[in-house]
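Me: Hi! I'm new to this one. Could you walk me through it?

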Amino acid sequence: MEKLIIKGGARLIGEVEVSGSKNAVLPIMAAALLSEGESIIENVPDLWDVQTMVRLIRSLGAKAILENGVLKIRPGNNLKPFAPYKLVKTMRASVCVLGPLLARLGEAEVSLPGGCAIGPRPIDLHLKGLEALGAEIEIDHGYVRTKAKKSLRGTEIYLGGGYGSSVLATDNVLMAAVLAAGRTVIENAACEPEVVDLANFLRKMGAKIQGDGSPRIEVEGVKKLRGVSYRVIPDRIEAGTYMFGAAITNGDVLIRKMEPAHLNAVIDKLHQAGMKVEKYKNAVRVKRTGKLRPVDVTTLPYPAFPTDLQAQAMALMTVTPGISIITEKIYPNRFMHVPELGRMGAKIFLEGASAIVHGVKKLSGAPVMASDLRASAALVLAALVAQGETEVQRIYHLDRGYENLEMKLNSLGAQVRREKE
Ligand code: EPU
């Protein structure tokens with residue numbers, strides 16, 4: 001295992017480029033399975049999660065090669081409908097091969113993903129949607145077995161329960177619907193940019209989809225799709241993480257190769273927190289103009305503030321004078337970073353799904369443990385301003401979702417090194 005040693009105190013200054021979106025590319029890789037022919041996907045970040053998906057796709061019988069950010073997937077016509085536990089358990093997004101396998105092969109057997117550090121993450125909505133399209137579903141020995149009764153048939157689906165929408169459930173149902181007979185309407189669809197990116201990829205393959213980016217997606221099923229070339233959108237969460245990095249270190253950073261429109265809620269909060277955020281076509285410049293001000297943040301589905309930046313926002317609040325409140329509406333237990341930030345001197349009180357953060361004058365470096373991807377990012381941000389050295393252990397979580405993190409931070413003036421634990 002490896003750890004990061006971070007010497008706090010440097011301001012982040014300069015320019016940084018954002019990589020392709022992890023959460024867009026993973027479903028797109030699964031969608032590539034919908035054709036026999038080769039798809040060439042560009043702007044693919046070299047991350048553990050992407051490597052896991054490559055292994056999964058190969059285990060299903062497709063060819064997949066990732067070189068210099070370009071991923072070639074050739075599914076061919078000998079796909080196997082089986083996704084084993086050993087691959088699915090390491091990455092929940094593996095569950096999005098369910099829809100494409102069912103659509104192409106008429107059956108799929110995919111391991112249930114199991115537990116996760118950010119709280120329970122059921123897949124009932126995925127199954128509800130696929131069932132509505134005509135799949136028979138059975139849960140057996142930890143696996144979901146689905147089989148299309150005859151062929152999948154389009155229908156109207158309300159993809160909701162007692163909460164908001166689900167990103168990967170929308171993806172899964174969309175990927176099954178594009179090859180189903182007739183018209184499918186997905187109501188309460190997730191509106192995240194990653195869903196729109198998947199729809200754009202599917203449209204290029206020949207799918208007929210309308211309304212993506214809104215809560216109502218309409219699909220007219222087609223018989224066959226073709227392999228295509230496609231460029232994945234930039235990672236809005238990586239971009240947002242560097243924005244909080246500039247804010248917490250009193251820095252001045254131009255974040256390039258990103259889409260500012262995907263981060264309006266975050267930019268709004270950073271303004272309220274006392275940052276100047278200049279928007280350009282594919283970049284933002286973030287710098288501090290005066291004192292930091294406390295803000296309240298509630299995470300909700302897009303276009304509201306994303307749960308995947310909650311921990312990073314909290315890192316900033318720990319050193320913002322006054323009281324800030326975070327309410328987590330997507331994953332009410334996603335607060336594993338709180339005790340670790342506490343070890344660095346942060347004053348945070350948990351009250352149900354809310355965290356009340358009392359800003360402190362300084363954080364101090366300490367050994368801390370990463371628990372999930374975004375919690376780890378928050379610990380790194382806190383370490384950048386902490387006095388002395390912080391050791392962030394178990395950084396394989398970070399390697400799942402941030403490409404070249406320490407290299408990018410060091411190019412902005414941070415002092416971060418990687419060591420074996
Ligand atoms: N939910 C259900 N039933 C379902 C599906 C979801 O109850 O069948 C609930 C979840 O428990 C949660 C809420 O719905 O309370 C939203 O979860 P969602 O399904 O949207 O999450 P996801 O699609 O599994 C993706 C991202 C997550 C991100 C969430 C929310 C990928 C690969 N993962 O997960 O990303 O937090 O959307 O935006 O796209 C991360 O990158 O660190 C990460 C966790």
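**A chat about the model**

Reply: Happy to. One detail to begin with: Pro-303 sits in the loop between β18 (296–299) and α10 (310–318). Bear in mind that this is a predicted model.

Me: What kind of peptide bond joins Tyr-302 and Pro-303?

Reply: A cis one, with omega about 15°. As background, most peptide bonds are trans.

Me: And how is the protein chain divided?

Reply: Into domain 1 (2–19 + 293–420) and domain 2 (22–231). Their C-alpha centres are 31 Å apart. The contact involves 18 residues of domain 1 and 20 residues of domain 2.

Me: How much area is buried between domain 1 and domain 2?

Reply: About 1,500 Å², and carbon and sulfur atoms give 58% of that.

Me: Switching to the ligand: which residues come nearest?

Reply: There are 23 residues around the ligand, and the nearest are Asp-124, Leu-125, Ser-166, Asp-308 and Ile-330.

Me: Which helices each supply at least two residues of the shell?

Reply: Those are α1 (22–31), α5 (124–132), α6 (167–177) and α12 (373–385). The largest share, three residues, comes from α5. As for the domains, domain 1 and domain 2 each give at least three residues to the shell.

Me: Which atom of Leu-125 lies 2.7 Å from an oxygen atom of the ligand, backbone or side-chain?

Reply: A backbone N or O atom. For Arg-374, an N or O atom in the side chain is 2.8 Å from a ligand oxygen atom. Lys-22 places a polar side-chain atom 3.1 Å from an oxygen atom of the ligand.

Me: How much of the ligand's accessible area does the protein cover?

Reply: The protein covers 90% of the 830 Å² that the ligand has on its own.

Me: Last topic, backbone angles. What is the phi of Asn-43?

Reply: It is positive, about 65°, although Asn-43 is not a glycine. Most residues other than glycine have a negative phi. You'll find Asn-43 in the loop between β3 (39–42) and α2 (48–59).

Me: And what about phi of Asn-404?

Reply: That is a positive value too, near 50°. Asn-404 belongs to the loop between α13 (396–401) and α14 (405–411).

Conventions: Residues numbered from 1 in each chain as written. Predicted model: local features only at pLDDT ≥ 70, side-chain atom pairs only at ≥ 80, totals over all residues. Heavy atoms only, no water. Near = heavy atom within 4 Å. Polar contact = N/O pair within 3.5 Å; in protein donor to acceptor, adjacent residues only side chain to side chain. Areas by Shrake-Rupley, 256 points an atom, 1.4 Å probe, with all protein chains shown as cover. Helix = DSSP H or I, 4+ residues; strand = E, 2+ residues; numbered from the N terminus. Domains from an automatic or database assignment. Contact = heavy atoms within 4.5 Å. Buried area = accessible area lost by both parts, 1.4 Å probe.
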